[in-house]
Amino acid sequence: MAKWTPKHEAPEPLEGPVVATITGGTLVWFVLFLVQLPFYGWFDDHGHLWWLWTCLAGGGLGLIGVWYVRKRDAALKRAATVKAPSAE
């Protein structure tokens with residue numbers, strides 16, 4: 001099988017409100033956890049308790065994601081300010 005080689009350059013990645021997106025997703029996971037919490041007994045009886053813990057894990061991993069993207073955003077801003085004066 002021949003190796004595929006691209007015929008054009010890849011486009012630049014899109015930058016958007018990454019911190020807001022990850023924060024919003026994390027809040028959705030925590031809200032889903034809180035909404036399902038009153039039904040703990042039902043989930044346990046029907047073998048669906050993992051739904052509850054999946055939402056909690058999603059919220060916890062989302063907190064790590066928020067920390068990561070905030071650090072990344074700060075690093076990108078620092079790099080932009082270092083490059084800006086030398087461009088003049």
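Analyst: A residue is called exposed when its relative accessible area is over 50%, buried when this is under 20%, and partly exposed in between. With that in mind, and remembering that this is a predicted model, we can turn to the salt bridges, of which the count comes to two.

One of them joins the side chains of lysine 77 and aspartate 73, with a distance of 3.5 Å from N to O. Both residues belong to helix α3, where they stand four residues apart, which is about one turn of the helix. Lysine 77 has a relative accessibility of 53% and therefore counts as exposed, whereas aspartate 73, at 30%, is partly exposed.

Glutamate 15 and arginine 72 also form a salt bridge, and here the closest N and O atoms are 3.0 Å apart. This pair links distant parts of the chain, since glutamate 15 is in the segment before α1 while arginine 72 is in helix α3 (residues 49-87), 57 residues apart. Glutamate 15 is exposed because its relative accessibility is 52%, and arginine 72, with a relative accessible area of 33%, is partly exposed.

As a general point, side chains of opposite charge can pair when their charged atoms come close.

For a contrast in burial, consider threonine 26 in helix α1 (residues 18-36), which is buried because its relative accessible area is 5%. Apart from neighbours within four places in sequence, threonine 26 is in contact with Gly59, Gly62, Leu63 and Val66.

Conventions: Residues are numbered from 1 along each chain as its sequence is written. This is a predicted model: local features need pLDDT of at least 70, side-chain atom pairs count only at pLDDT 80 or more; totals for chains, interfaces and linings use all residues. Side-chain values use heavy atoms; hydrogens and water are left out. Helices (H or I, at least four residues) and strands (E, at least two) are DSSP runs, numbered from the N terminus. Buried means under 20% relative accessible area, exposed over 50%, partly exposed in between (1.4 Å probe, protein chains only). Contact means heavy atoms within 4.5 Å. A salt bridge is a side-chain nitrogen of Lys or Arg within 4 Å of a carboxyl oxygen of Asp or Glu.
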